[in-house]
Amino acid sequence: MQNLLHNLNEEQLAAVTLPAQSALILAGAGSGKTRVLTTRIAWLIQTGQVSPAGILAVTFTNKAAKEMLARLSAMMPINTRGMWIGTFHGLCNRLLRAHHRDAGLPQTFQILDSQDQLSAIKRLLKQMNVDDEKYPPRNLMYFINSAKDQGLRAKDVEAHDDYNRKFVELYELYDHQCQREGVVDFAELLLRSYELLSRNQPLREHYQQRFKHILVDEFQDTNDLQYKWLKLMSGQGQINAGAVFAVGDDDQSIYAFRGANVGNMQAFEHEFRVQNMIKLEQNYRSHGHILDAANILIANNSKRLGKNLRTDAGHGEQVRVFEASSDLQEAQWIIEQVKNLIAEGWSRSEIALLYRSNAQSRVLEHALFSSAIPYRVYGGQRFFERAEIKHAIAYLQLMDNLHNDSAFLRVVNFPTRGIGAKALEQLQDAARQQGCSLYAAVPYVAGKAGSSLNAFIKLIEGARFETQHLPLQEMVKVVLDASSLITHYQSEKEGADRIENLEQLVSAATLFVSEEGYGLDTPAFLGPQAQAVAGTSITTADGVEIMDADAPLAAVMSPLSAFLSHASLEAGDNQAQVGQDALQLMTVHSAKGLEFDAVFITGLEEGLFPHENSAKEEGGVEEERRLMYVAITRARKRLYMSFSQTRMLHGQTRYNLRSRFFDELPDEAIKWLSPKIAQQAGWFAHPKAAWDEAPESGNNKIAQNFSRPDSGWRIGQNVAHAKFGEGVIVNIEGGGGSTRAHINFGKFGMKLLDLSVAKLEKL
DNA sequence: CTTGTGTCTGTTTTT
DNA sequence: CAGACACAAG
């Protein structure tokens with residue numbers, strides 16, 4: 001016990017040992033949040049206040065859940081497998097599998113990822129003859145998801161005009177389609193389990209009595225539905241309500257775009273009668289200058305709960321800032337710095353390259369590849385999102401759930417087997433008439449179309465028969481073969497990578513089976529095994545005895561269903577080699593919760609970071625600022641920031657101004673690093689001041705590439721105008737006597753100015 | 001029905 | 001610069 005608590009500071013100790021009431025912990029970046037959470041769980045169990053089964057811990061990412069489990073088992077010699085620790089989506093999936101009957105779902109229901117959801121919506125619109133110009137599928141998807149995120153069904157949504165009424169109508173139809181096909185989208189996992197619990201009293205009471213302590217990580221990221229879910233699960237407002245221990249940081253709320261509502265923190269404080277709000281403000285991660293930069297930047301936001309991080313670590317080094325002339329050169333400069341760091345003995349895996357959007361990784365990857373620096377990209381195109389993997393998965397989905405029309409359509413003619421648009425049209429007509437799935441409608445299609453469709457059915461049935469007793473990994477092999485996916489890619493020029501990925505799918509299946517505790521020879525189709533374990537059965541209203549959802553996984557779903565869920569919910573975070581000491585590349589979003597010795601924040605330009613779309617959204621810029629705050633606070637010892645005058649985007653060069661966030665950083669904490677030689681050429685000058693110091697070693701080489709004679713105005717030139725402020729020349733037209741320039745003045749927009757008339761100052 | 005070519009468009013962040 | 005989609009030729 002003592003050694004459990006002895007490393008905690010005063011605030012942390014207070015949080016960990018709070019009485020069994022709901023509490024809100026405002027945990028700043030790097031203040032030991034995860035440690036407080038896990039120690040709290042360990043403390044509750046070790047002091048005998050609750051058994052492991054009475055704990056429910058929710059996170060947002062699989063990474064965070066895994067981290068928590070790992071730390072817990074390091075702390076205590078208990079079996080964490082039975083514990084309810086996971087993401088909202090993962091836990092809801094489990095709940096729905098265990099109670100699929102009560103939730104009105106087939107045992108083998110499948111989960112749509114965003115891609116699948118969008119194509120399901122497109123299919124619906126086509127079938128209903130809806131003009132997708134007028135009702136863009138993306139907008140409908142957004143509409144449906146945000147309704148669900150608020151806990152609203154179609155019937156609950158108020159529509160004030162015809163346009164919105166159409167959306168509501170389509171929402172309703174979409175839900176019907178999903179129900180018919182036995183599929184659920186991400187938001188549906190939550191909404192469905194919320195409805196399950198609120199409708200079903202015995203179930204609700206069972207779980208409410210069971211979970212004495214509910215712990216929520218990253219509480220600022222909860223949406224309305226998740227908040228309601230927590231209220232229901234904890235029995236908030238009832239006499240024996242469970243205690244909710246919420247840990248969050250309003251300054252790190254970066255998921256408003258998917259419905260997260262920071263207001264939940266205040267609501268929580270009131271509705272859960274929080275008596276204990278503890279702030280963790282001692283930062284153990286970053287050196288002083290880095291922390292100052294973060295604190296001063298975030299102070300520009302208006303709606304904050306108020307919190308300031310402090311550190312004992314001393315100032316440390318200043319933040320290094322570099323202005324590049326192009327995205328290519330930015331990448332080169334980064335490589336140069338990374339090489340220096342590595343030469344100085346920094347470990348590659350302790351260096352992170354962060355960017356605002358995934359598309360930015362390309363240039364960086366290319367540069368890293370050419371310099372043979374090992375790196376690892378997180379996010380972006382994930383393993384289970386690759387086309388060939390989605391195809392293979394669709395075969396498996398179809399075998400597990402014949403009525404999944406999405407899966408059916410994806411593979412019925414891939415690889416091509418002579419089933420074209422005409423045949424499918426016939427099939428869809430038949431399905432509509434019979435009110436059944438495409439698969440079930442095949443017998444109703446006559447003629448040539450019918451026979452090629454029948455051949456496909458035979459293929460699926462054959463594969464099902466062949467694999468009925470095989471374990472998952474063997475099943476995957478059979479499917480790759482029977483579907484002719486491998487053969488297909490063998491005849492394709494660029495198919496080698498895809499085949500390699502398909503082979504990795506077999507390894508992924510093997511790994512999954514062993515990690516989830518299934519036997520390596522458990523048949524993939526083997527359904528829930530009703531082995532009642534003491535204390536895990538519930539008697540429902542209609543007197544049926546069912547399993548509690550925390551019974552062994554095998555009691556809740558078959559290996560195949562579990563694997564398919566895994567594919568949708570985890571998307572294969574990365575398939576890169578884990579052990580290698582490699583540079584870390586990721587978006588700022590996926591860097592949340594991580595920390596590194598050295599961090600590069602790249603592409604700090606207006607339009608990119610803050611992203612241009614954010615300007616149009618309510619509170620958008622503040623969210624971007626929080627994102628920047630997250631980025632800065634990832635760094636322990638050294639922080640670099642860079643931006644570029646030009647950048648290739650959507651196939652054309654864009655001229656950007658440097659990010660407004662630079663103006664919000666404290667001068668003392670910043671060191672401008674752009675080369676003097678270039679400055680003299682008028683190329684790199686920065687309005688703030690002259691460069692702080694002579695270029696560091698290694699920069700001269702870059703500088704030479706860019707110092708060129710100054711020939712008056714040029715595209716990309718930064719300028720200042722008395723009325724419009726700072727801008728950048730985007731295009732120059734005319735010549736001789738009258739030269740006019742298109743200049744992007746940021747918030748003043750684009751102006752066409754005559755260079756001989758307008759009083760412009762070169763910057 | 002398939003395949004290739006062309007045009008178009010739409011671009012943030014993620015469970 | 002992609003990926004999605006449409007259309008024409010094989």
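In helix 22 (residues 472-482), the buried residues are Leu472, Gln473, Met475, Val476, Val479 and Leu480. These residues lie on the same side of helix 22, because the arc they cover around the axis is only 155°. Such a pattern follows from helix geometry: an α-helix has 3.6 residues a turn, so residues three or four places apart point the same way. The model described here is predicted. The cover over the buried residues of helix 22 includes helix 17 (387-400), helix 21 (447-467), helix 23 (485-490), helix 24 (495-515) and helix 26 (559-570).

Ser484 follows helix 22 and is placed in the loop between helix 22 and helix 23. Although Ser484 is not a glycine, its phi is positive, at about 60°. Ser484 counts as partly exposed because it has 15 C-beta neighbours inside 10 Å. A positive phi, of about 45°, is also found at Arg273, likewise not a glycine. Arg273 belongs to the loop between helix 13 (263-271) and strand 8 (276-280). With 12 C-beta neighbours inside 10 Å, Arg273 is classed as exposed.

Chain A as a whole contains 30 helices and 23 strands. Of its 763 residues, 44% are buried. Among the contacts in chain A between residues at least 6 apart in sequence, 74% join residues at least 24 apart.

The largest nonpolar core comprises 128 residues, of which Ile25 and Ala392 touch the most other members. Apart from neighbours within four places in sequence, Ala392 makes contact with Val479, Leu480, Leu485, Leu502 and Leu505. Val479 and Leu480 are also among the buried residues of helix 22.

Leu230 lies in helix 12 (residues 224-234). When neighbours within four places in sequence are set aside, the contacts of Leu230 are Ile214, Val216 and Val244. From C-alpha to C-alpha, Leu230 and Tyr444 are 47 Å apart in space, and they are 214 residues apart in sequence.

Two cis peptide bonds were examined in loops. One joins Phe414 and Pro415, with omega at about -5°; Pro415 is placed in the loop between helix 18 (405-411) and helix 19. Another runs from Phe609 to Pro610, with omega near 10°. Pro610 is in the loop between strand 15 (596-601) and helix 28 (620-632).

Around DNA strand B there are 31 residues, and those that come nearest are Ser357, Asn358, Gly420, Lys422 and His650. The elements giving two or more residues to the surface near DNA strand B are helix 19 (421-434) and helix 27 (588-591). Helix 19 supplies the largest share of this surface, 3 residues. Classified by residue type, the surface near DNA strand B consists of 9 nonpolar, 18 polar and 4 charged residues.

Technical notes: Residues numbered from 1 in each chain as written. Chains lettered and ligands numbered in written order. Predicted model: local features only at pLDDT ≥ 70, side-chain atom pairs only at ≥ 80, totals over all residues. Near = placed C-beta within 6 Å. Helix = DSSP H or I, 4+ residues; strand = E, 2+ residues; numbered from the N terminus. Nonpolar A, V, L, I, M, F, W, Y, C, P; charged D, E, K, R; others polar. Contact = placed C-beta atoms within 7 Å. Core = buried A, V, L, I, M, F, W, Y, C linked by C-beta atoms within 7 Å. Buried ≥ 20, exposed ≤ 12 C-beta atoms within 10 Å, placed from the backbone. Arc of directions from axis to C-beta.
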